[in-house]
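The points below are numbered and may be read in order.

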Amino acid sequence: MKTERDGDAVLEEDSPQEHDLYSPASPGPQPEPISTYFEEKVPIPEEDVTKLFSFRKLWAFTGPGFLMSIAYLDPGNIESDLQSGAKAGFKLLWVLLGATIIGLLLQRLAARLGVVTGMHLAEVCNRHYPTVPRIILWLMVELAIIGSDMQEVIGCAIALNLLSVGRIPLWAGVLITIIDTFVFLFLDKYGLRKLEAFFGFLITIMALSFGFEYVRVAPNQGEVLKGMFVPYCSGCGPTQLEQAVGIVGAVIMPHNIYLHSALVKSRDINRANKKEVKEANKYYFIESSIALFVSFLINVFVVAVFAEAFYGRTNMEVSQQCNETGSPHSDLFPADNNTLEVDIYKGGVVLGCFFGPAALYIWAIGILAAGQSSTMTGTYSGQFVMEGFLNLRWSRFARVLLTRSIAIFPTLLVAVFEDVQHLTGMNDFLNVLQSMQLPFALIPILTFTSLTSLMNDFANGLVWKIGGGLVIMMVCAINMYFVVVYVTDLNNTILYVFSALLSIAYLSFVLYLVWRCLIALGFSRLDFRGSVQFPPAVLVDEQPEFDS
């Protein structure tokens, strides 16, 4: 069997023993695969087992959830937030809250899979699905990662452009993002906890930056609470409905499920001990809840700022204000009475026009922190997915170079040949691309966490099977609506025909995954030929025999 040697990129070949990994008669222990990011594992302090809660243990488990939560704060989410506030005011805050809660429940499934099995989702898919579906699934997930990565790079480039008052062109911002990502990704060589602390620092910068904007604008607190807890949208039309769908699509991202299931492997847990596994699941859920609560507050800051300051404003009002303050960007807004439309770039400009240059620069710093942190976690996602699905063992430099190049090359082309308007306009297409890939994370995670042969006593119960299935159906349906609306607006017959053909292949593969998922949920009669097998997957010395 070939493995990584001196940083060379090689493909691990299947030995007969590995090929028969799922066979009940598969002999002998299986080696733990080499994984990125896990050259060390954080030890968990030993304390009195009778204690229901320990802050020391919570601190030991703190890290993976905050890295996961960065996907809820990427530039795509920030743009969705500001557009929600500008188009619907405070009325869609309850949608943001609901989407975040759904996201937490899905992240719980991802974390449990990683903790209980010792494998992340891509590794489980590699060992479960046949070759052709596995390759298709890998390609779909890679597309989602590339789409997310492009949004993050766009965010960094725009932030650098705003901070330099246009002196750093967009293409240069893209190149700078490439270089600093390489630098930051090697921080884990100095220790896993230091890397997690750096991500915590970037989240703090976002909280302070967008929190400053919130305090400066001083939105109506009563309206904020009403929008958050009253699930109603008075006077809303198609524009607000599309924005609500966009919020769900921006918050729940497919690659984040794969990422979180891998990050939880960074703690030193004895999987043969049921109490330790149960404890790890508990603390990871608490940590994820805290992390997503922080990310929710930051998202609320952005929505509320644009809801209070710019909801219902026209281009004419903004253009006049920018002219009066001497802003060099006043030509961004036509002198008409159409409702103001904003994106990440225009959002910073209008904040500067209405609340002073400090508001613009602090906004740009927040966007830069969001883009930089999410592009790093996106790169980790790409590495985990590639290694898990393809069983590749590449040097760190080769992995980062490939995942960066795939995402940055098309973005760089747009940055060179187009202006900032076209660069931010790519976000609509990229959101649709990620929405289409959502079933390829949600269906597998429900499938595998429902298998008793894989999860033992931690398999989903009836409530989680039914509830999880309904939630995933709802999320996928919402995102498909978003895709249909986008395609319909293209007004091109050739694109309609191409989309229809693509939809047939797409839906066929989704139905295949649903079929296997239903069998895992207990609908064994659907396995007409008895061809679907769900034997246990063994990665360590032996299948866990949980101690009582």
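How close do the axes of helix α4 and α13 come, and at what angle do they cross?

1. Basis of the note. This is a predicted model, in which local features need pLDDT of at least 70 and side-chain atom pairs count only at pLDDT 80 or more, while totals for chains, interfaces and linings use all residues. Residues are numbered from 1 along each chain as its sequence is written, and side-chain values use heavy atoms, with hydrogens and water left out.

2. The pairing of α4 and α13. The axes of α4 (residues 75-88) and α13 come within 7 Å and cross at roughly 35°. Here axes are lines fitted to C-alpha atoms, for helices over the stretch in contact, and angles run from 0 to 180 degrees between N-to-C directions. The crossing is right-handed; a crossing has that hand if the near helix is turned clockwise from the far one by less than a right angle, and is left-handed if anticlockwise. On the α4 side the meeting residues are N77, I78, D81, L82, S84, G85 and A86, and on the α13 side they are N299, V302, V303, F306, A307 and F310. By class, this contact has eight nonpolar, four polar and one charged residues. In that count Ala, Val, Leu, Ile, Met, Phe, Trp, Tyr, Cys and Pro are nonpolar, Asp, Glu, Lys and Arg are charged, and the others, Gly among them, are polar.

3. The chain overall. The protein chain has 22 helices and two strands; helices (H or I, at least four residues) and strands (E, at least two) are DSSP runs, numbered from the N terminus. Of its 548 residues, 57% are buried, where buried means under 20% relative accessible area, exposed over 50% and partly exposed in between (1.4 Å probe, protein chains only). Among contacts with a separation of 6 or more, 82% are between residues 24 or more positions apart; contact means heavy atoms within 4.5 Å.

4. The largest nonpolar core. A nonpolar core is a set of buried Ala, Val, Leu, Ile, Met, Phe, Trp, Tyr and Cys residues joined through side-chain atoms within 4.5 Å. The largest one holds 145 residues, of which L137, Y258, F306, F310, W363, F389 and F448 touch the most other members. Helix α13 (residues 274-310) gives the most to this core, with 16 residues. Leaving aside neighbours within four places in sequence, F389 is in contact with A122, C125, N126, R134, L137, W138, V141 and Y258.

5. Q83 lies in helix α4 and is buried, with a relative accessible area of 16%. Residues up to four places away in sequence not counted, Q83 touches A88, Q243 and V342. F90 is placed in the loop between α4 and α5 (93-117) and counts as buried at 10% relative accessibility. Apart from neighbours within four places in sequence, F90 is in contact with P219, E223, V224, G227, A304, A307 and E308. F90 and P219 are 129 residues apart along the chain, yet their C-alpha atoms are separated by 9.8 Å.

6. K57, in helix α2 (residues 55-61), counts as buried at 8% relative accessibility. Beyond neighbours within four places in sequence, K57 is in contact with I44, P45, E47, E279 and Y283. I101, found in helix α5, is partly exposed, with a relative accessible area of 45%.

7. How far apart are the end C-alpha atoms of α22? They are 40 Å apart, which agrees with the 40 Å that the 28 residues of α22 (residues 493-520) should span at 1.5 Å a residue. The expected span is 1.5 Å times one less than the number of residues. The 27 residues of α21 should span 39 Å, and its end C-alpha atoms are 39 Å apart, which agrees. Buried residues of α21 include G468, G469, I472 and V475, and those of α22 include S499, Y506, F509 and V510.

8. Positive phi values. Most residues other than glycine have a negative phi. A218 has a positive phi near 55° and is found in the loop between α9 (192-217) and α10 (221-229). The phi of N456 is also positive, near 55°, and N456 is placed in the loop between α20 (452-455) and α21 (462-488). G522, which follows α22, has a positive phi near 120°.
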